[in-house]
Amino acid sequence: MSTHTKGPWVYIPEIGEVRTAYADETSQYGNGTPIVSINPWEKPADARLIAAAPELLEIAKAYRNLLRTAAHTDGEIATFQHIESVLLKATGGNK
C-alpha cells in the first residue's frame, strides 16, 4: 500500500515547487522534500491546491466520519456518498 508524503506541504512561488514543510514550522519556505515542480507563472492555482491536499484530505475524512452516523436527509446521505467516492479516488481505495 503506498501512501502520500505526510503534510504539511507549502507552495514556494519563487521557485515553483510544492514541498514538505518542516514539522516545527521553523522555515516559511519548507525546505523539505520537493513534492512537485510547477511553472509558477502558468499554474499557481494548481500549485496552491496541491499544497493544500493533505489538509483537504483530513477534512474530507473527518466530515465523512461525521456524516457516517449523522446523515439523515437525502441530501446528507448523498453528500456522504460523494465524499466516500472522492476519498476512494484520492486514496486509491485505501481509506
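Axes here are lines fitted to C-alpha atoms, for helices over the stretch in contact, and angles run from 0 to 180 degrees between N-to-C directions. Helices (H or I, at least four residues) and strands (E, at least two) are DSSP runs, numbered from the N terminus.

The structure is a predicted model, in which local features need pLDDT of at least 70, side-chain atom pairs count only at pLDDT 80 or more, and totals for chains, interfaces and linings use all residues. Residues are numbered from 1 along each chain as its sequence is written, and side-chain values use heavy atoms, with hydrogens and water left out.

The protein chain holds two helices and three strands, in the order β-β-β-α-α along the sequence. Its mean pLDDT (the predictor's confidence in each residue, from 0 to 100) is 81, and 84% of the residues reach 70 or more. Confidence is lowest in strand E3 (residues 34-37), with a mean of 80, and highest in helix H2 (residues 74-91), with 93.

Helix H1 (residues 44-70) packs with H2 at an angle of about 140°, the axes lying 9 Å apart. H1 is therefore oblique to H2 (under 35 degrees counts as roughly parallel, over 145 as roughly antiparallel, 65 to 115 as roughly perpendicular and the rest as oblique). Contact means heavy atoms within 4.5 Å; the H1 residues that meet H2 include Leu-57, Tyr-63 and Leu-67, and those on the H2 side include Phe-80, Ile-83 and Leu-87.
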